[in-house]
Amino acid sequence: MLRMSKLAKTYRTDEIKTSALCPFDLEVKQGEFVAVVGPSGSGKTTFLNITGLLEQASEGQYWLDGVEVSTLGDKDKSRLRNEKIGFVFQSFNLIPELNIYDNVEMPLRYRKLSAAQRKERVEQALEQVGLAKRQSHFPSQLSGGQQQRVAIARALAGSPSFLLADEPTGNLDSKMASGVMSLLKEINQKGTTIIMVTHDLSQVAFASRVIEVKDGVINDVENYAQEIA
Ligand code: ADP
Ligand code: ADP
């Protein structure tokens with residue numbers, strides 16, 4: 001579970017202060033599928049990066065599965081991130097020089113796992129995204145939708161509690177996008193909590209909860225479909 005209390009983020013560059021996120025309280029329970037919506041520049045990526053321990057909040061407290069993260073040093077924070085969180089980005093972020101198998105195995109190398117355990121996890125993750133047969137191919141040999149499936153397999157191989165996705169279908173055509181969304185839904189139904197930033201209103205339907213960020217202010221939106229109608 002995630003719990004945030006009076007969390008806020010201000011960027012300071014030289015004399016300029018940008019308030020990216022105003023103080024907010026939020027709880028996300030295990031098994032939720034949260035869509036994060038809002039205009040460009042409203043703070044969605046900042047929210048996701050703080051949630052994923054890629055950035056630090058400037059105020060407030062954040063408990064990730066009971067651990068208050070501001071008390072952790074960099075090393076413990078990296079370990080916690082590696083253990084609990086999987087990331088999926090708009091731009092896939094696969095390593096072009098590595099084949100699919102090696103791409104998916106990459107984050108497991110930072111874990112205390114035997115080679116056999118790593119192999120089992122990689123194969124299971126690729127099986128889950130339907131790309132078991134493409135292990136020895138390189139990213140450039142796959143379609144965008146397939147590359148994003150590899151990125152999802154890479155995130156899943158670590159058995160994360162939370163999958164954080166930033167515009168996961170932003171670079172995909174609508175057919176590939178709907179394949180990726182169905183896969184995310186399936187992963188969520190197996191118990192992984194998902195927090196997904198999206199611009200695409202058709203994807204909000206996959207979520208069980210909608211959070212809107214507007215000028216750095218975070219709010220739950222009830223009846224999102226009615227609200228935009
Ligand atoms: P979104 O993801 O909704 O487009 P962001 O979270 O990227 O919004 O940005 C929120 C605000 O914080 C914007 O005003 C942006 O310019 C600012 N911001 C983001 N990252 C930085 C940074 N590293 N330094 C200064 N300002 C930043
Ligand atoms: P964009 O939405 O501009 O295409 P991405 O979705 O790829 O960008 O990335 C969103 C944010 O996460 C950016 O601030 C980027 O710097 C950061 N990021 C992207 N990939 C990684 C990564 N592998 N590790 C850490 N941070 C990343």
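1. A polar side-chain atom of Gln90 sits 3.1 Å from an oxygen atom of ligand 2, a polar contact in the sense of an N or O pair within 3.5 Å. Ser91 has a polar side-chain atom 2.7 Å from an oxygen atom of ligand 2. On the Asn93 side, an N or O atom of the side chain is 2.6 Å from a nitrogen atom of ligand 2. The protein covers 48% of the 550 Å² of accessible area that ligand 2 has on its own (Shrake-Rupley method, 1.4 Å probe).

2. Keep in mind that this is a predicted model, where local features need pLDDT of at least 70 and side-chain atom pairs count only at pLDDT 80 or more, while totals for chains, interfaces and linings use all residues. Residues are numbered from 1 along each chain, ligands are numbered from 1 in the order written, and side-chain values use heavy atoms without hydrogens or water.

3. Who else is around ligand 2? Thr45, Asn49, Leu54, Phe89, Gln90, Ser91, Asn93 and Asp166, taking a heavy atom within 4 Å as the cut-off. By class, that shell has two nonpolar, five polar and one charged.

4. Back to Asn93: its phi is near 60°, a positive value in a residue other than glycine. Most residues other than glycine have a negative phi. Asn93 lies in the loop between β6 (85-89) and α3 (100-105), and is partly exposed at 38% relative accessible area (between under 20% for buried and over 50% for exposed).

5. Ser159 also deserves a look: phi is near 45°, again positive. Ser159 is in the loop between α5 (144-157) and β7 (162-166), and is partly exposed at 48%.

Conventions. A polar contact is a pair of N or O atoms within 3.5 Å; within protein, one must be able to donate a hydrogen and the other to accept it, and residues adjacent in sequence count only if both atoms are side-chain atoms. Ala, Val, Leu, Ile, Met, Phe, Trp, Tyr, Cys and Pro count as nonpolar, Asp, Glu, Lys and Arg as charged, and the others, Gly among them, as polar. Helices (H or I, at least four residues) and strands (E, at least two) are DSSP runs, numbered from the N terminus. Buried means under 20% relative accessible area, exposed over 50%, partly exposed in between (1.4 Å probe, protein chains only).
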